[in-house]
Amino acid sequence: MKKIIVFLMIILLTSGCGKEKNIQSYIGRDKEFVSINYPVTNINILDDAISSYVNNVYYQFKNIDYDGIPELNISYTYKEVNEDIVNVSLQTEIVTDKTINKIKTFTYNKANDRFLTMEDLVQDLNTLDYEIKKELLEKYQDADMDYLSNVSYDYFTVDDENLTIYFNPAEIKSKHDELIYLDIPLDSLKLLIDIDKTKGNDVYLSIKKKNVDIDDKVVALTFDDGPSKYTAKILDVLKKYGASATFFLVGNKVDFYGDILRRMLNEGSEIGNHSYDHKRLTRLSKEDFQIEINKTQEAIKKLTGFTPTLFRPTYGGYTKTLKSYTDLKFVLWDVDSRDWQVKSTDKILKNILPNVKSGSIILMHDNHEYALKALDKIIVNLKNQGYKFVTVSELLELKKLRESE
Ligand code: ZN
């Protein structure tokens, strides 16, 4: 019960703030595994619709009757279709003894303050209807025929190439528990709107090297679960002290933060992979795990030209088998700030400072303000003890050098 109240308060606070787009993120791990990520667009009607949908899903999740530890993942896609039209999809996965997948999409036209329907989007609806039914029957042969005769197209996303139409498995009365979707190439449709196909620039960056001697006392600060609106402020603090860190990013959140990602690398910090949707990984198939890794690798590379080599498993959970599914190096930590839990600078300092030794990897998070608030004091204290702040890759390299001495 306590958690619901906290969560609702976070949403209220965010809806009131600035004009920048950002990601609302809630990642928790007490009595359940929860990873909720959705965009705040600063279009009021759209944001209200999104947050009330998310609250509703969360409320239903909290009321699930299940003896084990349930898991909720909400991830999103965000696309500016053109200057006026924004398309957001929210994908929900609820895992108990079975898995339920749900989709919800919002397409909003700022020009007339209205949500867009398929009728607003596609001119030749009859052709579309015919194509969809044909393909649905081909792809999902167990779909209910009666349902298909009056299927409506409420859930869709648009990208540069395809109109993608989604169906919730329950609605289509299919035995599939995965989301059902069809990609319709835009070339084959008469659209009533323009699609702006301008792409982001590919910028190539590598991490700035630091001067570190083999005998130096070193420590690696790491931040999980970002990027978020706090990440830039964390970079400001790091910069102030000439320190660097390693950011283990959640892939579905990076798109709004291209500048921040490039800044991380430019200022000598490193980017690592923390999966795409922040699911509990130990229950995933090889294929699903690799999708989580690869989508994040691609998203980061697209924005920065940098390809991460490090991976931090969500909730710190992994197996030997999981490790064998990727070339990325699994990186855990030996000092845990428990920032998300203790929420106080004093307690964060107490969790970190007495436990640091040369070569330590410190776990913090940049999807909330607690680590940020404590960061100044952490850095000053460790600096006074003679520590240098390096990235995880630099730390590992240094350890290797020391071992070969
Ligand atoms: Zn995490």
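A residue is called buried when its relative accessible area is under 20%, exposed when that area is over 50%, and partly exposed in between. The model is predicted, and by this scale Glu71 counts as buried because its relative accessibility is 1%.

**Salt bridges**

Side chains of opposite charge can pair when their charged atoms come close. In this model the count comes to 17 salt bridges. One of them joins the side chains of Glu71 and Arg283, with an N to O distance of 2.7 Å. This pair links distant parts of the chain, since Glu71 belongs to strand E3 and Arg283 to the loop between E12 and H9, 212 residues apart. The two partners fall into separate classes of accessibility: Glu71 is buried at 1%, whereas Arg283, at 28% relative accessibility, is partly exposed.

Two further pairs can be described in the same terms. Asp336 and Arg338 meet through their side chains at 3.2 Å, N to O; Asp336 is partly exposed at 22% relative accessibility, and Arg338 is likewise partly exposed, at 33%. The side chains of Glu369 and Lys373 form a salt bridge with an N to O distance of 3.7 Å, in which Glu369 is partly exposed with a relative accessible area of 30% and Lys373 is exposed with 53%. Elsewhere, salt bridges that share partners join Glu71, Glu93, Lys279, Arg280 and Arg283 into one network.

| Acidic residue | Basic residue | N to O distance |
| Glu71 | Arg283 | 2.7 Å |
| Asp336 | Arg338 | 3.2 Å |
| Glu369 | Lys373 | 3.7 Å |

Asp225 lies in strand E10, residues 217-226, while His274 lies in the loop between strand E12 (270-273) and helix H9 (286-304), so the pair ties together parts that are 49 residues apart in sequence. Both Asp225 and His274 are buried, and for Asp225 the relative accessibility is 2%.

**Backbone features**

A cis peptide bond, with omega of about 0°, joins Gly226 and Pro227, and Pro227 is placed in the loop between E10 and helix H7 (231-240).

Ser275 is another residue that has a positive phi, of about 75°, without being a glycine. At 0% relative accessibility, Ser275 counts as buried.

**Charge on the surface**

Where do like charges gather on the surface, and which residues make up the patch of negative charge? Glu83, Asp84, Asp194 and Asp196 form that patch. Asp196 is located in the loop between strand E9 (180-185) and E10, and its relative accessibility of 35% makes Asp196 partly exposed.

A patch of positive charge on the surface is formed by Lys320, Lys323, Lys329 and Lys400. Among these, Lys320 is found in helix H10, which spans residues 320-324, and Lys320 is exposed, with a relative accessibility of 76%.

**An exposed loop residue**

Asp65 sits in the loop between helix H2 (44-62) and strand E3 (71-80). Is Asp65 buried or exposed? Its relative accessible area is 79%, so Asp65 is exposed. The C-alpha atoms of Asp65 and Thr96 are separated by 9.4 Å, the two residues being 31 residues apart along the chain.

Terms used: Residues numbered from 1 in each chain as written. Predicted model: local features only at pLDDT ≥ 70, side-chain atom pairs only at ≥ 80, totals over all residues. Heavy atoms only, no water. Helix = DSSP H or I, 4+ residues; strand = E, 2+ residues; numbered from the N terminus. Buried < 20%, exposed > 50% of the residue type's maximum accessible area, 1.4 Å probe, protein only. Patch = residues over 30% accessible without salt bridge, like charges linked within 9 Å, V, L, I, M, F, W, Y side chains within 5 Å. Areas by Shrake-Rupley, 256 points an atom, 1.4 Å probe, with all protein chains shown as cover. Salt bridge = Lys/Arg side-chain N within 4 Å of Asp/Glu carboxyl O. Lys, Arg positive; Asp, Glu negative; His and termini not counted. Charge placed at Lys NZ, Arg CZ, Asp CG, Glu CD.
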